[in-house]
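Me: I am new to this structure. Please take a close look at a single part for me, and then link that part to whatever else stands out.

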Amino acid sequence: MNAITSFLDSLEATANSTLRVSSLHALAYCPRLFYLEEVEELYTEDAAVFAGRRLHAELEKQEDEDWEELFLENEELGLRGRVDALRTRDGWVIPYEHKRGRSYRDEHDQPQAWESDRLQILAYAYLLEVTLGVPIQEGRIRYHADNVLVHVPLDETGRRMVREAIAQARALRCSTHRPPVTENERLCGRCSLAPVCLPEEARLAHDQGWQPVRLFPEDDDRQILHILEPGTSVGRAGEQLKITACPNRSAGTKPTVEKVPARQVGQVVLHSFAQISTQALRFCADQGIGVHLVSGGGRYLGSFDSRQGSIQRRLRQYEALSNPDFCLQLARRLVACRGQGQRKFLMRGRRGAGEATAALGVAIDQMKAVLKGVPRAESLGSLLGLEGNLAALYFGALGEMISPGVPQELRFDQRNRRPPKDRFNALLGFGYALLLKDVMNAILTVGLEPALGFYHQPRTQAPPLALDLMEIFRIPLVDMPVVGSINRNQWDAATDFTVCEQQVWLSDDGRRKFVALYERRKEESWKHPVTEYSLTYRRLMELEVRLLEKEWMGEGGLFGQLIIR
Ligand code: SF4
């Protein structure tokens, strides 16, 4: 009861606290943008935002006698903000706003303020008026791209516009429902939050004929730093991560230091007994760099979770995934996606004639029959049974995908888990650990709760939602590269593995090779079968988590469609 009371108190406090004037700019641009920034606290610093900041910094340098930067807050009005510039003309105080872009042209080709800019300067003018107690006649906006100055009068209509916007913003701040995407799709092309909002995908969810445009980069080209050497430490040096490798006393080598700019890093993966300083950990959290731990035996141990501000997203997730029917629907799609992926992969091996082809053919046909039962499964229990059948057929035939020339010790016999009993399973096990780590990274980036899944149950240490999402990527990101690399004779059975009685692990060399193979695979692009645009696998993981979230946001239907051809 106390928790609920304090949550309601915090909602009330949020509703009554002052709003940033710039948030009204976002509201006028698109209410969903306001919600994503102010309620879900999602920000991206894209090129336009940086350029805007540069412009303000340059203007500050050109300070003239009229320039005054002023921070204002008025609780009665409910606004706060920093005015770009304040000048006095003919005895009137006039707030100025500087914009990098061009003005809006009306039907007579006359320069006007854009609607969102108009609301912003009116809000500053009104805030000045009530805070300083002096009448304000107008605000002005300078558009630097076409060098135009637009005058915006503050009259009673303008004041009402500001008050109405504040009321709308306050109502949205208390809502748990993300507003729909804007009908004016041209706004999305210039919106910094398009990669998070995914407006085109939301439109596709409502209109199957819609042809979505990709509004974000195909790839995330930030590096994944795998720290594989035990004793290597990661520290911070200014805006860089500093990696210090231990000296090898027996080889007489000195410590080596490498520095990597933080903006070029997407994740730090600490294998075995690699270290990280608290300063570097905090720096990584501030920079949105995922930090993950993988044991020397290749087990995913956990991630540094520094999420803040995603409470609304998690509340919606709890609500949606508390519904068993909804979970069953998602689970059916997931099992179908993985099963079809497994079957399609086996189909790639069915070429030519011979025993292998015949065995693959039998498994492929039987899997087809099992897959027909998936959409009709009436409980998670029956779905688990079907998934078990599919896995047994798939792993029963997987060995037929290995080329005849591959040495016996690298061939696949049957699936076994921890500890792996053969080299093939050692490769699969390490690959699945890296995949689990990447899926966790995507879940934490999106801000969902990894412990709450829709299919896997919280039985093991691994977070159920991450286990759910992994199913989609096991075949393309692990099974296919493992089989491909074995068939290309890329593994040395002696030096890439360590054999201890019944257990087989990757050696240090083997882990380095596997990491390189896996990361190269993630750089490859794949055309999404539903959205029909291409993305690298590393981007696809985050996209898939966002598409999952859309399932309970009224924009569903796209999750779990990634099936290899
Ligand atoms: S991408 Fe489009 S719908 Fe989404 S917040 Fe931006 S403007 Fe609004």
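Reply: Start with a loop. Asparagine 147 sits in the loop between β8 (138–143) and β9 (148–153). This is a predicted model, so every value here is computed from it. Most residues other than glycine have a negative phi.

Now take another loop. Aspartate 109 lies between β6 (104–105) and β7 (111–112). Phi of aspartate 109 is near 60°. That is again a positive value in a residue other than glycine.

Last, the helices. Two packed helices are described by the angle between their axes and the distance between the axes. Take helix α15 (residues 423–446) and helix α16 (residues 464–487). They pack at an angle of about 140°, and their axes are 8 Å apart. α15 is therefore oblique to α16. The crossing of α15 past α16 is right-handed. What classes of residue make up the contact of α15 with α16? The contact has 20 nonpolar residues, 1 polar residue and 2 charged residues.

α16 also packs with helix α17 (residues 508–523). Here the angle is about 120°, with the axes 10 Å apart. That angle makes α16 oblique to α17. α16 passes α17 in a right-handed crossing.

Methods
Residues are numbered from 1 along each chain as its sequence is written. This is a predicted model: local features need pLDDT of at least 70, side-chain atom pairs count only at pLDDT 80 or more; totals for chains, interfaces and linings use all residues. Side-chain values use heavy atoms; hydrogens and water are left out. Axes are lines fitted to C-alpha atoms, for helices over the stretch in contact, and angles run from 0 to 180 degrees between N-to-C directions. Helices (H or I, at least four residues) and strands (E, at least two) are DSSP runs, numbered from the N terminus. Angles under 35 degrees count as roughly parallel, over 145 as roughly antiparallel, 65 to 115 as roughly perpendicular and the rest as oblique. A crossing is left-handed if the near helix is turned anticlockwise from the far one by less than a right angle, and right-handed if clockwise. Ala, Val, Leu, Ile, Met, Phe, Trp, Tyr, Cys and Pro count as nonpolar, Asp, Glu, Lys and Arg as charged, and the others, Gly among them, as polar.
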